[in-house]
Amino acid sequence: MGDDRRAVVVGAGIAGLSCAVRLQERGWSVRVLTDGPVEASTSHLAAAVWFPTRAGPRDKVLDWGRRTYDTLAAQARAGVPGVVMRESLALHRTEPGPQWWADAVGEIRPARPDELPPGYPYGLRFAVPLVEMPVYLPWLAAEAQRRGITLEHKHIASLAAAGEGADLVVNCAGLGARTLVGDLSVTPVRGQIVRVTNPGLTLSVRDEDHPGGRAYVHPRVHDCILGGTLDEGAWDTNPDPAVGAAIVRRCLDIAPALRGAEVLEHVAGLRPARPEVRLEAEPATAGRPRVIHDYGHGGSGITLSWGCADDVAALAGQA
Ligand SMILES: Cc1cc2nc3c(=O)[nH]c(=O)nc-3n(C[C@H](O)[C@H](O)[C@H](O)COP(=O)(O)OP(=O)(O)OC[C@H]3O[C@@H](n4cnc5c(N)ncnc54)[C@H](O)[C@@H]3O)c2cc1C
């Protein structure tokens, strides 16, 4: 075990950095190659709460999600920068049945009438990790470097080129997998969000079935993230002010205390969606580094990160 096993990870979003750390913990010497700074990744702009959105298959999402929940909850307890546990309220218009992701979350209880905003008959209360990505992702990159993992800025045209001299290549390129490995089943699901001042909110609120579109409010330390859209196949990363204004209106329905909050920024990003997350090892080829893929997490990249990274590290160990 040790520095004789060399891994190259392509991508420095949440998938790449979590895989790099898990591989390093298992004795691999790790290089991360990325064609953009950590701050330019989709991961950096994510909301980002634990909640499975636009990712499959459901059984694996539940398993990865459960393990990621536990890891992030432990990081929150340990005081890792940017990670907190957030009380959450999911609003419903009809009585909610069992939630398929409930096993990952622990205690879920019906909201009391006095906990619901006007017009909402039902809600569920539970706690989930909320990750302030502009704090957490740079911390994770620095933590990786502290452990001896190198971060190099480089565009990778092929996994074979990236893996020269290595024993293992891990593909965590997100949407970049379309060109890197020609996987056209990875498609953008555009998300537009609004960053506003936080008037003192501490409860995360969501309404997945708001007639105007999805609505969520995630309070961070100094601001709140209001969302949002799920625009299948849309590539435009320019935020649309009219869409932003509609997001603010919907969010006022679910969190009336936001009234008067100042809009700080409109943001749009591209979720790397795929019918199913691709987490698998390619069959071994003599004389070539082993290849493992970990991309296509859609709207759940943070929610699934550490569970997926554990599986990547386990697959790497079998290689
Ligand atoms: C508005 C919005 C809100 C979201 N909210 C949440 C949320 O609340 N919870 C949640 O779990 N998820 C959320 N997501 C989804 C989450 O952001 C993504 O699933 C996650 O960021 C994907 O991470 P990744 O590391 O796979 O990809 P990315 O963060 O896109 O990173 C890909 C990396 O690969 C590099 N790369 C790509 N191609 C190449 C190449 N050829 N050569 C070198 N480097 C390359 C890039 O530079 C980048 O570093 C949200 C997304 C959006 C847009």
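Two residues are taken to be in contact if their C-beta atoms, placed from the backbone, lie within 7 Å. The structure described here is a predicted model, and by that criterion Trp101 touches Pro52, Leu62 and Gly65, not counting residues up to four places away in sequence.

**Overall architecture**

The protein chain holds nine helices and 15 strands, and its C-alpha trace spans about 65 × 40 × 35 Å along the principal axes. For 319 residues a compact globule would have a radius of gyration near 20 Å, and the protein chain, with 20 Å, agrees with that expectation. Buried residues account for 47% of the 319 residues, and among contacts between residues at least 6 apart in sequence, 76% join residues at least 24 apart.

Trp101 sits in the loop between β3 and α4 (102-105), and it counts as buried because it has 20 C-beta neighbours inside 10 Å, where 20 or more are required. The C-alpha atoms of Trp101 and Arg66 are 8.4 Å apart in space, although the two residues are 35 residues apart in sequence.

Pro81 belongs to the loop between α3 (58-78) and β3, and with 13 C-beta neighbours inside 10 Å it counts as partly exposed. Its C-alpha atom is separated by 8.8 Å from that of Val131, which is 50 residues away along the chain. Pro81 touches Val135, Tyr136 and Trp139, again leaving aside residues up to four places away in sequence.

**Helix α5**

Of these contacts of Pro81, Tyr136 is also one of the buried residues of α5. Helix α5 covers residues 133-146, and its 14 residues reach 19 Å from the first C-alpha to the last, close to the 20 Å expected at 1.5 Å a residue. Its buried residues are Met133, Tyr136, Leu137, Leu140, Ala141 and Ala144. Seen down the axis of α5, these buried residues fall within an arc of 130°, so they line one face of the helix. The elements that cover them include α1 (14-25), β2 (29-34), α2 (42-45), β3 (83-92), β5 (122-131) and β6 (150-153). After α5 comes Gly148, whose phi is positive, near 95°.

Most residues other than glycine have a negative phi, and most peptide bonds are trans.

| Site | Feature | Angle |
|---|---|---|
| Ala47 to Ala48 | cis peptide bond | omega near -10° |
| Arg54 | positive phi, not a glycine | phi about 50° |
| Gly56 to Pro57 | cis peptide bond | omega near 0° |

Arg54 is partly exposed, with 15 other C-beta atoms within 10 Å.

**The ligand shell**

The ligand is surrounded by 41 residues, of which the closest are Gly13, Gly174, Gly176, Gly191 and Gly301. The elements that give two or more residues to this shell are α1, β2, α2, β8 (187-197), β13 (263-273) and α9 (301-318). By class, the shell has 19 nonpolar, 20 polar and two charged residues.

Terms used. Residues numbered from 1 in each chain as written. Predicted model: local features only at pLDDT ≥ 70, side-chain atom pairs only at ≥ 80, totals over all residues. Helix = DSSP H or I, 4+ residues; strand = E, 2+ residues; numbered from the N terminus. Expected span 1.5 Å × (residues − 1). Buried ≥ 20, exposed ≤ 12 C-beta atoms within 10 Å, placed from the backbone. Arc of directions from axis to C-beta. Rg over C-alpha atoms; globule rule 2.2 N^0.38 Å. Near = placed C-beta within 6 Å. Nonpolar A, V, L, I, M, F, W, Y, C, P; charged D, E, K, R; others polar.
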